[in-house]
Amino acid sequence: MNVLALLTAIPLLAWIYLLFAHGRFWRADQILVHHDVRPRRYPAVAVVIPARNEADGIATTISGLLAQEYPGDITIWLVDDSSTDGTADIARQAAAGDPRLTVIANQPLPPGWVGKMWAVNKGLNSVPADSEYIFLTDADIQHEPELLRQLVTKSELENLVLTSLMVRLNCDTAWEKLLIPAFVFFFQKLYPFPRVNDPDQKLAAAAGGCMLVRKSALDAVGGVTRIQDAVIDDCALARLLKREGPVWLGLAGKTRSLRRYSRLGEIWDMVARTAYTQLRHSPALLIGSVAGMMLLYLMPVASLVTGLLTGDVAVALGSAVTLSLMTVCFLPTIQLYRLPLVWALTLPVAGLLYGLMTWSSGYRHWRGRGGGWKGRTYSRAGETGQQAHD
């Protein structure tokens, strides 16, 4: 077998595996649905929102949480982490005096903590003792009115310690259409949701914008102190909590992010912020990951063109089958985001760009501009770096 034939066969075999043996990740079918059965009761929920310069979205987030159609008690604890844009005042105005909202000014960031986890920890230390659930959410999420009721119902009926949703991301601009469905697809490939949701599997993951946590389980793992230096805090917390009981991760229907990405650089920064952290700051994993993405997403295109130009029917046919399998895998995510099916053909381009973003993440780390949150960067876990331009 010549080199070209080998480079054609490897992606083909890889996509056969992904389609048939990688946890059915590509089906995008883990959806939070309405339960006809109601739980015996609706326990008290404390909502904790870390917020740093979130003036653009905080009013919508607070209004949506206060409008929840939840039969139990809700309290909302907004931790203002040294915002300079009036986030706290806008949140109070949105609440219009509703006593369920409490705004807390966070304390200076101590050594060993990343900013978001320090803010979350402050909120957790303030919630009422009778709260049986903690709802961790971001300050730029628009929550549908029935969300908390659905999350608590699922958690109560299935005895979950963590119920998390990957909220819908904006997909309106050209760059969003090209890269956002691919981002969701890659996240599902990295953490196949059916395996995450299988209590017999060790794999655990969560999406930080929407996490309902059973407080007794969170207390059992020591709160967030054990992940105080975690930049990818949602998956780190999921790994801890799955030791205490089953977790569930799904895709949101209506609850959506308010953050928009009109330019390529905005999506690039989002990915480059954490990709190298996901690779455990390993140069070997970085090189292997980028090379793997190029082989998986670009090589089939290159082989197809080469096969057609050289008249190598086997190479051209093998590459065409590979691209067909790739497209089939991507179609459910494209449908989830209600895009024309032709967008499924763009996955190789998205794969190229995400490979470059991943490489950029490692380069930024080497330059001392690693992962971060809202203007703070961390060249190493827990090490605060220079102000970034987020």
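**Cysteines and a pocket**

Biologist: Is Cys210 buried or exposed?
Modeller: Cys210 has 0% relative accessibility. The cut-offs are under 20% relative accessible area for buried, over 50% for exposed and partly exposed in between, with a 1.4 Å probe and protein chains only. So Cys210 counts as buried.

Biologist: What should I know about the model, and how many disulfides does it hold?
Modeller: It is a predicted model, where local features need pLDDT of at least 70, side-chain atom pairs need 80 or more, and totals for chains, interfaces and linings use all residues. Residues are numbered from 1 along each chain as its sequence is written, and side-chain values use heavy atoms, without hydrogens and water. A disulfide is a pair of cysteine sulfur atoms within 2.5 Å. The number of disulfides is zero.

Biologist: Which cysteine has the sulfur nearest to that of Cys210?
Modeller: Cys210 is in no disulfide. At 14 Å, the nearest cysteine sulfur is that of Cys235.

Biologist: Which helix gives the most to the lining of the second largest pocket?
Modeller: A pocket is an open set of points on a 1 Å grid over the protein atoms alone, where a 1.4 Å probe fits, with protein on both sides within 12 Å along at least five of seven lines; lining residues have an atom within 4 Å of a point. This pocket is lined by 13 residues, with Ile232, Arg239, Thr277, Gln278 and Arg280 nearest its centre. Two helices (DSSP runs of H or I, at least four residues, numbered from the N terminus) give two or more lining residues: H9 (233-242) and H11 (275-278). With three residues, the top contributor is H9.
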